[in-house]
Amino acid sequence: MKPKFVIGIGLILGAVIAVMAFTILGNNSQEVKVNELLAQTAGGAVPDRSFKVTGIVVGDSIVYDQITNQLEFDIVHSRDDLHNNLATAGRVRVKYHGVRPDTLVNEATAIVTGRVAADGKFVAADSPDALD
């Protein structure tokens with residue numbers, strides 16, 4: 001084989017390995033449900049910890065300001081919590097800055113990546129308000 005081909009193949013393989021490594025390292029959020037997040041953060045905010053939390057949207061908790069694009073809503077662990085014991089169910093308040101998604105309605109499944117702020121709210125990672 002000619003040296004040009006060996007170098008070219010080596011560069012391509014190196015680029016593929018680099019992309020895979022950055023993808024794996026960039027996806028270091030712990031995937032949790034609402035109850036698991038509440039259990040882990042019971043003592044307060046978890047500094048420098050990213051979570052990917054999944055929950056069910058509580059429709060009457062959605063607050064959206066179109067002028068500032070500030071969106072906040074609550075999520076609960078399951079639809080059973082939403083329908084049968086909403087008053088006592090654990091809730092996570094999500095804070096997001098951006099356009100309100102059309103699919104954000106009562107009982108929708110929300111999957112949000114971000115961090116827990118000092119005030120206990122979950123700040124979405126793609127929000128400018130996200131913690132660094």
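Strand 1 (residues 30–33) and strand 2 run parallel and are joined by four bridges. Here strands (E, at least two residues) and helices (H or I, at least four) are DSSP runs, numbered from the N terminus, and two strands pair if DSSP finds at least two bridges between them. One of these bridges has E31 on one side and K52 in strand 2 on the other.

This is a predicted model, in which local features need pLDDT of at least 70 and side-chain atom pairs count only at pLDDT 80 or more, while totals for chains, interfaces and linings use all residues. Residues are numbered from 1 along each chain as its sequence is written, and side-chain values use heavy atoms, with hydrogens and water left out.

**The chain and its strands**

The secondary structure comes to three helices and six strands. Along the sequence, the pattern is α-β-α-β-β-α-β-β-β. Of the contacts in the chain with a separation of 6 or more, 53% are between residues 24 or more positions apart; contact means heavy atoms within 4.5 Å.

Strand 2 pairs with other strands as well. It runs antiparallel to strand 5, with six bridges between the two, and V53 has V112 of strand 5 as its bridge partner. Strand 2 also pairs with strand 3 in the antiparallel sense, over six bridges, and V57 has its bridge partner in strand 3, namely I75. Strand 3 is joined in turn to strand 4 by seven bridges, and these two run antiparallel. The bridge partner of Q70 in strand 4 is H97. Strand 4 and strand 6 run parallel and are joined by two bridges, with V94 bridged to F122 in strand 6.

| Strands | Sense | Bridges |
|---|---|---|
| Strand 1 and strand 2 | parallel | four bridges |
| Strand 2 and strand 5 | antiparallel | six bridges |
| Strand 2 and strand 3 | antiparallel | six bridges |
| Strand 3 and strand 4 | antiparallel | seven bridges |
| Strand 4 and strand 6 | parallel | two bridges |

**Loops**

Strand 2 and strand 3 form a hairpin with four residues between them. In the loop between these strands lies N69, whose phi is near 60°, a positive value in a residue other than glycine. N69 has a relative accessible area of 25% and so counts as partly exposed; with a 1.4 Å probe and protein chains only, buried means under 20% relative accessible area, exposed over 50%, and partly exposed in between. T68 is in the loop between strand 2 and strand 3 too, and is partly exposed because its relative accessible area is 38%. T68 and V99 are 31 residues apart in sequence, while their C-alpha atoms are 9.5 Å apart in space.

Another positive phi, near 70°, belongs to E107, also a residue other than glycine. E107 lies in the loop between strand 4 and strand 5, and its relative accessibility of 26% makes it partly exposed.

**The cores**

Buried residues make up 30% of the 132 residues in the chain. A nonpolar core is a set of buried Ala, Val, Leu, Ile, Met, Phe, Trp, Tyr and Cys residues joined through side-chain atoms within 4.5 Å. The largest such core has 19 residues, and those with the most contacts inside it are L37, V53, V57, F73, I75, V112 and F122. Two or more residues each come from helix 2 (34–40), strand 2 (51–65), strand 3 (70–76), strand 4 (91–97), strand 5 (109–116) and strand 6 (122–124). Strand 2 gives the most to this core, with four residues.

Leaving aside neighbours within four places in sequence, F73 is in contact with V57, S61, I62, V92, R93, V94, L104, A110 and V112.

**The largest pocket**

On a 1 Å grid over the protein atoms alone, a pocket is an open set of points where a 1.4 Å probe fits, with protein on both sides within 12 Å along at least five of seven lines, and lining residues have an atom within 4 Å of a point. Grid points are joined across faces, edges and corners, and a volume is the space filled by probe spheres set on the points.

The largest pocket has a volume of about 240 Å³. Its lining has 16 residues, of which F73, Y96, P101, I111 and V112 lie nearest the centre. Strand 3, strand 4 and strand 5 each give two or more residues to this lining, and strand 5 gives the most, with five.
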